[in-house]
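This report is for a reader new to the structure shown below.

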Amino acid sequence: MTLGRLLDNQRGETKYTTIFLVLAVAIGAYVVIRLAPPYIRDFQLQSTVEMAAKLAADPDPAKGVDIYLARKVYEMDLPIGVEDFVIERTHEEVRVYIDWEYEVAFVPKNPVIPAYIKVLKFHEEAVEPVYRK
């Protein structure tokens, strides 16, 4: 059976397969629209963590890393703060990482239908060798 035959409505009768197909596509599109922004922000945050690790690998990083992270987190409008980032420095390498969560409300709170909220957990990490003078 082809899509053309499914959508063919010769007698004006509603076809259940057509309704099901349209409903499935609409639900799929809704889920993708709700899940795409957190994953895009996750990708952007990964590049931010990598750049922060490069900045922290400098022998005299001063406070440049904190300022950089604060500016980027503010620009991305993420539910995290600069204090959530962990920067570990050893003699050989610098490790910057963060564990963060993002809540996605598929069904918002209302009196008729209970809310369905999915919590997405992310982990970003970058390691850079320490630059020697």
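## Overall layout

From the N terminus on, the elements of the protein chain run α-α-α-β-β-β. That gives 3 helices and 3 strands, where helices (H or I, at least four residues) and strands (E, at least two) are DSSP runs numbered from the N terminus. This is a predicted model, in which local features need pLDDT of at least 70 and side-chain atom pairs count only at pLDDT 80 or more, while totals for chains, interfaces and linings use all residues. Residues are numbered from 1 along each chain as its sequence is written, and side-chain values use heavy atoms, with hydrogens and water left out.

Of the 133 residues in the protein chain, 26% are buried (buried means under 20% relative accessible area, exposed over 50%, partly exposed in between, with a 1.4 Å probe and protein chains only). Contact means heavy atoms within 4.5 Å. Among contacts with a separation of 6 or more, 57% are between residues 24 or more positions apart.

## The nonpolar core

The largest nonpolar core has 25 residues. Such a core is a set of buried Ala, Val, Leu, Ile, Met, Phe, Trp, Tyr and Cys residues joined through side-chain atoms within 4.5 Å. The residues with the most contacts inside this core are Leu45, Val49, Ile80, Phe85, Val96, Ile98 and Trp100. Two or more residues each come from α2, α3 (64-76), β2 (93-107) and β3 (116-129), and β2 gives the most, with 7 residues.

Leaving out residues up to four places away in sequence, isoleucine 80 touches Leu45, Val73, Phe85, Ile98 and Trp100.

## Aspartate 42

Aspartate 42 lies in helix α2 (residues 16-56). Aspartate 42 is buried yet has no salt bridge (a side-chain nitrogen of Lys or Arg within 4 Å of a carboxyl oxygen of Asp or Glu). The nearest side chain of opposite charge, arginine 41, is 11 Å away; Lys and Arg count as positive and Asp and Glu as negative, with His and the chain ends not counted. Not counting residues up to four places away in sequence, aspartate 42 touches Trp100, Phe122 and Glu124.

Aspartate 77 has its place in the loop between α3 and β1 (86-89). The phi of aspartate 77 is near 55°, a positive value in a residue other than glycine. Most residues other than glycine have a negative phi. At 57% relative accessibility, aspartate 77 counts as exposed.
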